[in-house]
Amino acid sequence: MKRAVAVIGAGPAGLTLANLIQQSGIDCVVLERGSRTHVETRPRAGVLEHRSVTMLESHGLADRLLMEADRHGTCEFRVNGQAFQVAYSDLYDDRLHYVYPQQEVVKDLIAAFLDAGGDIRFSVSDVELRDLTSSHPTVDWTSADGVREAVTADFVAGCDGFHGVSRPSIPEGVLTEFTHQHGIEWLAILAEAPPSTKAIIYALHADGFAGHMLRSPTVSRFYLQVPVGTKASDWSDEQVWEALHKRFALHDSNWALTEGKIIEKRVLDMRSHVVEPMSYGRLYLLGDAAHIITPVGAKGMNLAMNDAATLSRALTEFYATGSETGLKTYSDDCLRRVWRAQEFSQWMVNMIHTDVSSPFFGRLAQARLEHLAESPAYRATFAENYVGP
Ligand code: RFL
């Protein structure tokens, strides 16, 4: 089989890229390890930045999102039983966050791609990449029926997440890896509980951080900072709710947390990882395949989509004019935004955890939060980074 582009992975990065290049008349095949049902029901992120939505909308890919997503322009911090809100949308050009679960984004992008005649191979295995520095790299895989198949392409897009095969196909020594273990762990909880808040809550408590994120009218995501080395099974559902009640508690308020059935409980290793450059020969890395960021600040899915839009522009330029300028600058263009997001996420990690590495940092976190509560200028900078410039 011959295609212009072989896309590995049908997550937000791979599916956004596939749709965008298909719209430019560039043919591609998408190879996905999971089944269609699996990828369309896997809950992960849920917050899209204004600029991700604008990009999807300009390609006609945001119809359902714009109808169904909740808009958010305020978040809340709780410290020692007192709450204060930051109306970040008012502070930054009326830009909003769109709360729309990642699996719904994936569902919409698959439907749009297939409706326009796209080719996705689900449930593939043993994907292998070859001849990446030649002008015609090849990808082999075993189909759902057990048949070994291959595509020869002009370019390969590695959109297969942190644990995929694309990045490890690059010879050792080519990439520079930047890794940071944040020294904290979160228990991530998904519950069939209607949101108890209109604004995302970040709560600091002597026991550790707690977060109340929004997903849908019937499902909420919660995070609890837990000791490093914790297993999800160490926490019973009762202990989870007890800790959430305690860490979110407010003095002088009748605010209440609505409980519900816990449908997912997992420990998130809070780490950051970036590789440079985000390309090798004719292989381009996108999204989590190239960079992992903590969920603090909700940047991961948005960075994946930005990579896809950037590579799509470069490929469109290449096929229209023969120019390789966009392909050559792809990595630097994406990395600028990746590092800006990493810096903000790290800043926010340090602000919402009282004991990141020492009591000294606990005091810095407190000072940072007081600054945020008191200073309009500081809040404006937060708003720009949080909602996305
Ligand atoms: P994905 O979504 O991991 O998709 C990669 C796809 O590749 C497939 N794959 C393979 N296919 C073929 N062959 C192989 N060998 C393969 N290996 C893997 C996988 O099955 C999968 O379908 O990567 P992508 O597209 O780069 O998208 C990245 C985002 O998924 C990720 O950054 C976000 O989910 C991160 N994230 C959040 N991001 C936000 O912007 N806002 C949030 O609020 C937010 N919350 C979160 C998050 C991630 C979380 N977890 C589970 C890590 C909350 C959580 C709990």
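## Close-up views of a predicted model

View 1. Residues are numbered from 1 along each chain as its sequence is written, and side-chain values use heavy atoms, with hydrogens and water left out. Helices (H or I, at least four residues) and strands (E, at least two) are DSSP runs, numbered from the N terminus.

View 2. A polar contact is a pair of N or O atoms within 3.5 Å. An oxygen atom of the ligand is 2.8 Å from an N or O atom in the side chain of R42, and a polar side-chain atom of D288 is 2.8 Å from an oxygen atom of the ligand. At R33 a polar backbone atom takes part, lying 3.1 Å from a nitrogen atom of the ligand. Of the 1,000 Å² of accessible area that the ligand has on its own, the protein covers 92% (Shrake-Rupley method with a 1.4 Å probe).

**View 3. An open sheet of eight strands with mixed pairing.** The strand order is β6-β5-β13-β14-β15-β12-β16-β19, where two strands pair if DSSP finds at least two bridges between them. Because β6 (82-86) and β19 (291-292) stand at the edges with a single partner strand each, one side of each is left without a neighbour in the sheet. Strands β5 (residues 75-79) and β13 (residues 200-204) are parallel and joined by five bridges, with I200 of β13 as the bridge partner of C75. Helix α11 (residues 376-387) packs on the sheet and touches β5, β6 and β13, its direction making about 125° with that of β5. Contact means heavy atoms within 4.5 Å, and axes are lines fitted to C-alpha atoms, for helices over the stretch in contact, with angles from 0 to 180 degrees between N-to-C directions.

**View 4. An open antiparallel sheet of three strands.** The order is β3-β7-β4, and the edge strands β3 (47-49) and β4 (70-72) each pair on one side only. Three bridges join β3 to the antiparallel strand β7 (residues 97-99), where V99 is the bridge partner of V47. Helix α3 (residues 50-58) packs on this sheet, touching β3 and β7, and its direction makes about 75° with that of β3.

**View 5. Backbone features in two loops.** Most residues other than glycine have a negative phi, and most peptide bonds are trans. The peptide bond from E276 to P277 is cis, with omega near -10°, and P277 lies in the loop between β16 and β17 (279-280). D93, although not a glycine, has a positive phi of about 60°; D93 is found in the loop between α5 (88-91) and β7.

Note on methods. This is a predicted model: local features need pLDDT of at least 70, side-chain atom pairs count only at pLDDT 80 or more; totals for chains, interfaces and linings use all residues. A polar contact is a pair of N or O atoms within 3.5 Å; within protein, one must be able to donate a hydrogen and the other to accept it, and residues adjacent in sequence count only if both atoms are side-chain atoms.
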